[in-house]
Amino acid sequence: MTTDQTVQSGPVNLLKAWRLHLWVFILTCVAEMIGSVSVPLGFATITIFPLVWGMLFGAVAGLMSTRVATPVSLRRPDVQAATIVIQAAVIMFVAKQSLLVGPLIPKLLSSGWALCFQEWTCNGFVPVI
């Protein structure tokens, strides 16, 4: 979608976007009912929180709503409005996490080179000496 089309259609009033609010409410309820799911993987465990479930369900609902027309489908302006809101929310979430990690930097530095080499090998980078 070009900028001209966005300007012509005008901004979506988030208070009047009832379909968007309905989808957000339903997906939030489903994600909270599922709750945190821990998946054991050998010596490690991956925990999927309701926030992640909600984002996954929202992505699927957004992709399907623009392709399948139903009375409660999200329209393209609704999806674009939700995209702007989720970007702002993710930025605030990342900022909060960085503020929580910031005071722990001395502890991370005290772990030494082991943590550094672990991150290199986990990302597929193995230095050849």
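I started with the nonpolar patch, to which helices α3 (50–65) and α4 (76–101) each supply at least two residues. Helices here are DSSP runs (H or I) of at least four residues and strands are E runs of at least two, numbered from the N terminus.

The model is predicted, so local features need pLDDT of at least 70 and side-chain atom pairs count only at 80 or more, while totals for chains, interfaces and linings use all residues. Residues are numbered from 1 along each chain, and side-chain values use heavy atoms, without hydrogens or water.

I then listed the patch members: Phe49, Leu51, Val52, Met55, Leu56, Ile86, Val90, Phe93 and Val94, with about 770 Å² of accessible area together. Patch residues have over 30% relative accessible area and no salt bridge, with nonpolar side chains (Val, Leu, Ile, Met, Phe, Trp, Tyr) joined within 5 Å and like charges within 9 Å. A salt bridge means a Lys or Arg side-chain nitrogen within 4 Å of an Asp or Glu carboxyl oxygen. Areas are Shrake-Rupley values with a 1.4 Å probe, and only the protein chains shown count as cover for residues.

I picked out isoleucine 86, in helix α4. Its relative accessibility is 40%, so isoleucine 86 counts as partly exposed; buried is under 20%, exposed over 50%, and partly exposed in between (1.4 Å probe, protein chains only).

Last, I checked confidence: pLDDT, the predictor's score per residue from 0 to 100, averages 75 over the chain, and 74% of residues reach 70 or more.
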